[in-house]
Amino acid sequence: MAFAGLSAAAGAPAQAATGAGAEYVALGDSYASGVGAAPYDASSGDCLRSPNNYPRLWAAAHPEYTLKDVTCSGATIADVRNDQLSALSEKTNLVTLTVGGNDAQFASVVQACLTQSDSYCATATNWMSHYARNQLVTELGGLYKDIKARAPQALVLVLGYPRTISPTGSCGAIDLSAAKRTSMNAMADALAEGTLAATVSSSVYFIDMRNEFNGHEACGSDPWINGVDLSRLTETFHPNAAGYQKGYAAKLSRTWG
């Protein structure tokens, strides 16, 4: 399998041979579980796992892997540690992870930017951007080490978050000013930078999704991210089916397999 588009302190890691029966464990939050690309697997309950999420799309194209999908909407770093890491073992060959947005209060910041002033939105995003570049780095680094301890043979790929919103275009029920869009995308950049910094010393690999979604943000002419829908607020500013397939799954396939 080829490595492309990985960011880490070193080159490609030593990897155990993967043949039939290789194990793939998917960890993370709503961006990993597939929120925004309904329908959802009824058995997943509030975790809202979609058959269109990037772990399932990638696994469907790589039948040599057996997928354990324990992703869950709303998951924080603590939730991944407490509720998802038990899926890992010494037999695990591949782990993917997207997490950190809920720790940075993504939903609360979005609500603030949708309902409050430009200055309030800027304050909220600046506060969480500072967190993302500082405390989040330490918290993610600890999680990555816990993953490696439970799955020492696994390749760990951390998929980041894209910028969420196009600089221009209608967002639907509630529109957003240019200033708010700039503030929200600056927070997305901070999340990407903080996540990358955490991977550097942890022997895990960061896959930056920002360029992948460039020109396909919410509210633009060809969106891979859902805009504002008051009847489906949970899905607002999450990838749609195209975002998971053409964005996340495609980038994961180009990176590994």
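Me: Is asparagine 240 buried or exposed?
Reply: Asparagine 240 counts as buried because its relative accessibility is 16%; buried means under 20% relative accessible area, exposed over 50%, and partly exposed in between, with a 1.4 Å probe and protein chains only. The model is predicted, so local features need pLDDT of at least 70 and side-chain atom pairs count only at pLDDT 80 or more, while totals for chains, interfaces and linings use all residues. Residues are numbered from 1 along each chain as its sequence is written, and side-chain values use heavy atoms, leaving out hydrogens and water.

Me: Where does asparagine 240 lie?
Reply: Asparagine 240 is in the loop between β5 (205-207) and α8 (241-255); helices (H or I, at least four residues) and strands (E, at least two) are DSSP runs, numbered from the N terminus.

Me: Which residues does it touch?
Reply: Leaving aside residues up to four places away in sequence, asparagine 240 touches Gly36, Ala37, Pro223, Trp224, Ile225 and Asn226, where contact means heavy atoms within 4.5 Å.

Me: Now α5: which of its residues are buried?
Reply: They are Cys121, Ala124, Thr125, Met128, Ser129, Tyr131 and Ala132.

Me: Why are they on the same side of α5?
Reply: Those residues cover an arc of only 160° around the axis, which puts them on the same side of α5; the arc is that of the directions from the helix axis to the C-beta atoms.

Me: And which exposed residues are on the face turned away?
Reply: That face of α5 carries Ser119, Thr123, Asn126, Trp127 and His130.

Me: What covers the buried residues?
Reply: The cover of the buried residues of α5 includes α4 (106-115), α6 (135-150) and α7 (178-200).
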